[in-house]
Amino acid sequence: MKKRCRKLNSNLIFLGCIFVIGLLAVFPYGAHLDQTSEQEILYSNIKVYARLVGADNSLYQELDAAGIVDITESIEKDHGMAVFYPVAWIFFLNKISSFSGNIIWHGYIYVLTFCGVAALFYLMSDIWGGHIVPIFTTLLFFFTPRMFAESHYNNKDIILLSLVLCIAFFGWRTCQKKTWLNVIGFALAGSLAANMKIIGAFIWGMAGIYILLALLIRRQLDKKVILKIIAGISIWFGFYLLITPACWTGLPGFWQYLLESARNFRWNDYILFAGKMYSKNTTGMPVMYLPVMIILTVPVGILLLAGTGIISLLFSLVRFRRKSPDGAWYMFVMILACLIPLGYAIVSRTPVYNGWRHFYFTYMAVLLSAACGISWLLNRFKSPRLRKSLVISLSAYVFVLAASIALAYPHEYAYYNLLAGKNVVERYELDYWDMSFKQAYEKILPEPDEVKIPVEKIRIGTISNPAYWGLEEQLKVIRGKQRMYVDLCTDFRDAEYLIINPTYALMYGASDYKYVKENYILKDSITSYGNVICEIYHK
């Protein structure tokens with residue numbers, strides 16, 4: 001009993017430290033390029049619920065006055081925002097202080113992401129036992145540079161990853177323990193994931209099929225278990241209907257819209273990949289875009305562990321078959337649940353952009369494979385001395401990842417590993433969401449306590465539409481006293497200062513970029529992992 005309590009306390013201390021580190025990192029991140037539109041999707045859902053009370057209620061009228069459309073009438077109904085319903089009140093806070101609203105929004109995103117971190121840790125603890133595999137698998141996830149950054153502001157893709165990790169955890173617990181608590185947790189996690197993106201339903205279904213087959217093989221399908229299975233499916237479906245008002249006009253037609261949107265998304269713009277420009281309607285999407293972007297933006301050490309792990313897992317399943325432990329088969333099914341949609345997207349050349357963020361949920365497969373790799377190494381290093389060397393090596397690698405994040409913070413989202421080679425800024429997209437513009441504003445504008453009245457406006461501009469939209473978005477979340485200074489110029493030639501995103505400058509404004517370099521003075525720049533992601537020019 002004492003040993004169990006000590007383990008519980010050590011687990012809570014470990015997760016508590018991770019939680020605090022991540023929460024303290026919330027503040028410097030700005031608003032990503034789509035943050036306002038993502039919040040409007042949330043409000044569109046809330047508007048439908050408000051309409052149920054009556055179109056004359058104040059909430060419905062305020063949302064309507066703000067130009068918020070019903071989610072049933074929006075093209076954005078292909079992904080839900082149910083996990084964000086508890087913070088829908090941010091609509092009113094943003095009217096008072098969008099700076100404070102931004103911090104709360106990002107903090108809530110991190111809390112949701114942390115649920116996935118905790119789910120991964122406890123899943124690994126259940127399957128592998130001990131401390132080494134659970135701790136290092138969790139740390140590798142937490143200190144993956146792009147995941148660390150986006151866990152604070154990516155309200156869609158990183159949250160779906162968190163939800164599928166919760167599905168994996170509750171699915172495993174449901175299969176092993178068959179308690180009502182785990183059945184309900186599995187059903188709710190599945191509903192929330194399906195609401196976020198339709199692919200969440202597929203992953204939940206794959207876990208459910210494993211549970212059913214495992215119980216059937218073990219001959220554990222008694223009346224009580226069957227009742228729980230039926231109840232779990234009913235809870236999943238009922239809760240999904242409740243939290244997805246977009247489907248209330250007709251479920252079959254809604255799901256058809258979701259599947260078509262997932263297969264052939266309406267986006268039609270350009271990507272910069274390996275130094276070339278691609279478009280869905282002209283050149284078509286490069287076949288290797290997704291796998292290459294995964295390989296180039298996941299730390300090499302994690303890739304090596306994952307590669308080792310998937311080979312050892314497959315070898316174990318082929319060699320031992322039915323004698324393989326349940327955990328091995330379960331992880332194989334969860335990995336397969338991620339790889340099937342990824343493989344389909346690659347073969348069908350599904351239009352994706354901004355790297356592989358739309359497929360962040362597949363990072364679960366990488367992490368589970370890496371866990372298998374760590375376990376395989378532990379089994380090979382049986383002597384205490386060799387095991388100690390392995391733990392020291394893994395600890396050193398985690399420290400290197402954490403240090404690299406600290407040095408690049410808060411711009412670690414632009415991470416590329418050594419395999420990307422040189423001149424990354426000219427060959428791949430770096431700051432797609434213009435996140436660095438918040439820090440660029442802060443470099444130009446006076447500190448809030450230095451504000452003087454009357455304010456002398458500072459004319460600021462840029463040279464491409466996506467960058468200008470980024471300036472507009474970041475302007476909403478800087479401090480109000482600083483915001484008073486900004487006069488955004490639609491024509492960059494009228495601006496006193498230019499904030500340039502090299503990615504968009506090269507993609508959409510090469511000639512204007514050349515003009516700026518020849519006629520403006522480079523005042524400052526922001527770098528990430530040695531690559532310039534933002535430049536500030538003065539006239």
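Is Lys 197 buried or exposed? Lys 197 is buried, with a relative accessible area of 14%. By buried I mean under 20% relative accessible area, by exposed over 50%, and by partly exposed anything in between, with a 1.4 Å probe and protein chains only.

Before going on, some ground rules. This is a predicted model, in which local features need pLDDT of at least 70 and side-chain atom pairs count only at pLDDT 80 or more, while totals for chains, interfaces and linings use all residues. Residues are numbered from 1 along each chain as its sequence is written, and side-chain values use heavy atoms, with hydrogens and water left out.

Back to the lysine. Lys 197 is the partner of Asp 157 in a salt bridge, with the closest N and O atoms 3.2 Å apart. A salt bridge here is a side-chain nitrogen of Lys or Arg within 4 Å of a carboxyl oxygen of Asp or Glu. Asp 157 lies in helix α8 (residues 157-177) and Lys 197 in the loop between α9 (180-196) and α10 (199-217), so the pair ties together parts that are 40 residues apart in sequence. When I name helices and strands, they are DSSP runs numbered from the N terminus: H or I with at least four residues for helices, E with at least two for strands. Asp 157 is buried as well, at 2% relative accessibility.

How many salt bridges does the structure hold? The count is 17. Another of them joins Asp 78 to Arg 266, where the closest N and O atoms are 2.8 Å apart. This pair links distant parts of the chain, 188 residues apart: Asp 78 sits in the loop between α3 (58-65) and α4 (90-96), and Arg 266 in the loop between α12 (251-263) and β1 (270-273). Asp 78 is buried at 12% relative accessibility, whereas Arg 266 is partly exposed at 32%.

A further salt bridge runs between Asp 524 and Lys 443, with 3.4 Å between the closest N and O atoms. Asp 524 is in strand β6 (residues 521-528) and Lys 443 in helix α19 (residues 437-444), so to speak two distant parts of the chain, 81 residues apart. Both ends are partly exposed, Asp 524 at 30% and Lys 443 at 39%. There is also a network: Lys 47, Arg 51, Asp 64 and Asp 70 are joined by salt bridges that share partners.

Now the interior. Which residues of helix α13 are buried? They are Tyr 289, Leu 290, Pro 291, Met 293, Ile 294, Leu 296 and Thr 297. That is seven of the nine residues of α13 (residues 289-297), so the helix is largely enclosed by the rest of the structure. The cover over these buried residues includes α7 (145-150), β1 and α15 (326-348).

Phe 141, in helix α6 (residues 132-142), is another buried residue, with a relative accessible area of 3%. Leaving out residues up to four places away in sequence, Phe 141 touches Gly 116, Val 117, Leu 120, Met 147, Leu 161, Leu 165, Tyr 363 and Leu 367; contact means heavy atoms within 4.5 Å. Phe 141 and Gly 116 are 25 residues apart in sequence, and their C-alpha atoms are 10.0 Å apart in space.

Next, the backbone. Most residues other than glycine have a negative phi, and most peptide bonds are trans. Tyr 409 and Pro 410, however, are joined by a cis peptide bond, with omega about 5°. Pro 410 is in the loop between α17 and α18 (424-427). Asn 423 lies in the loop between α17 and α18 too, and has a positive phi of about 55° although it is not a glycine. Asp 434 also has a positive phi of about 55°. Asp 434 is in the loop between α18 and α19 and is buried, at 0% relative accessibility.

Last, the surface. Trp 180, Ile 184, Leu 188 and Leu 227 make a nonpolar surface patch of about 340 Å². Patch residues have over 30% relative accessible area and no salt bridge; like charges are joined within 9 Å, and nonpolar side chains (Val, Leu, Ile, Met, Phe, Trp, Tyr) within 5 Å. Accessible areas come from the Shrake-Rupley method with a 1.4 Å probe, and for residues only the protein chains shown count as cover. Helix α9 gives the largest share of this patch, three residues, while Leu 227 lies in helix α11 (residues 223-243).
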